[in-house]
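Hi everyone, thanks for coming.

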Amino acid sequence: MRIKEGFVLRDVCGEKVVMGEGLKTINFSKMIHLNETAAYLWNELLGKEFDTEMMADLLCEQYEVTRELAIADSKKLADSLIEAEVVEK
């Protein structure tokens, strides 16, 4: 997977929100709110090819979390990003 060009993470009133920039990506019905952990992953993965295993590795390195939970959370986030069409396979 890879984060599509034109999507950026912004801090809006203290909230982390993924937004599209440019005419190709603007869809105001698809603003995505990320918690701090998901925002950490977004920043680490921006500009890179990644999969849920890599996401889980990053979570395990940064946080005290079991591998099983990291994989489950990574899959859930990846599925959300795919559904929102901000990543490409």
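Let's begin with a pair of strands. Strand β2, residues 7–12, and strand β3, residues 15–20, run antiparallel and are joined by six bridges. Before I go further, please keep in mind that this is a predicted model.

What does β3 have on its other pairing? Three bridges join β3 to β4, and these two strands also run antiparallel.

Put together, the three strands make an open sheet in the order β2-β3-β4, with antiparallel pairing. Which strands stand at the edges? They are β2 and β4, the latter being residues 32–34; each has a single partner strand, so one side of each is left without a neighbour in the sheet. On average, and ignoring direction, neighbouring strands of this sheet are turned by 35° against each other. Helix α1 packs on the sheet, touching β2, β3 and β4, and its direction makes about 140° with that of β2.

Now over to the other helices. Helix α2 covers residues 52–62 and helix α3 covers residues 67–83; their axes come within 8 Å and cross at roughly 125°. That angle is why we call α2 and α3 oblique to each other. The crossing of α2 past α3 is right-handed.

Who meets whom? On the α2 side the contact includes Met 55, Ala 56, Leu 59 and Cys 60, and on the α3 side it includes Ala 70, Ile 71, Leu 77 and Ala 78. Charged residues take part too, among them Glu 53 and Asp 57 from α2 and Arg 67 and Lys 75 from α3. Sorting the residues of this contact gives eight nonpolar, two polar and five charged.

One last stop: aromatic rings. How many aromatic pairs are there? The count comes to one. The rings of Tyr 40 and Tyr 63 have centres 5.8 Å apart and planes at 90°, so the pair is edge-to-face. This pair links distant parts of the chain, 23 residues apart: Tyr 40 is in helix α1, residues 36–45, while Tyr 63 is in the loop between α2 and α3.

Note on methods
Residues numbered from 1 in each chain as written. Predicted model: local features only at pLDDT ≥ 70, side-chain atom pairs only at ≥ 80, totals over all residues. Heavy atoms only, no water. Axes fitted to C-alpha atoms, helices over the stretch in contact; angles between N-to-C directions. Helix = DSSP H or I, 4+ residues; strand = E, 2+ residues; numbered from the N terminus. Parallel < 35°, antiparallel > 145°, perpendicular 65-115°, else oblique. Left-handed = near helix turned anticlockwise from the far one by under 90°. Contact = heavy atoms within 4.5 Å. Pairing = 2+ DSSP bridges. Phe/Tyr/Trp six-rings, centres within 6.5 Å; stacked < 30°, edge-to-face > 60°.
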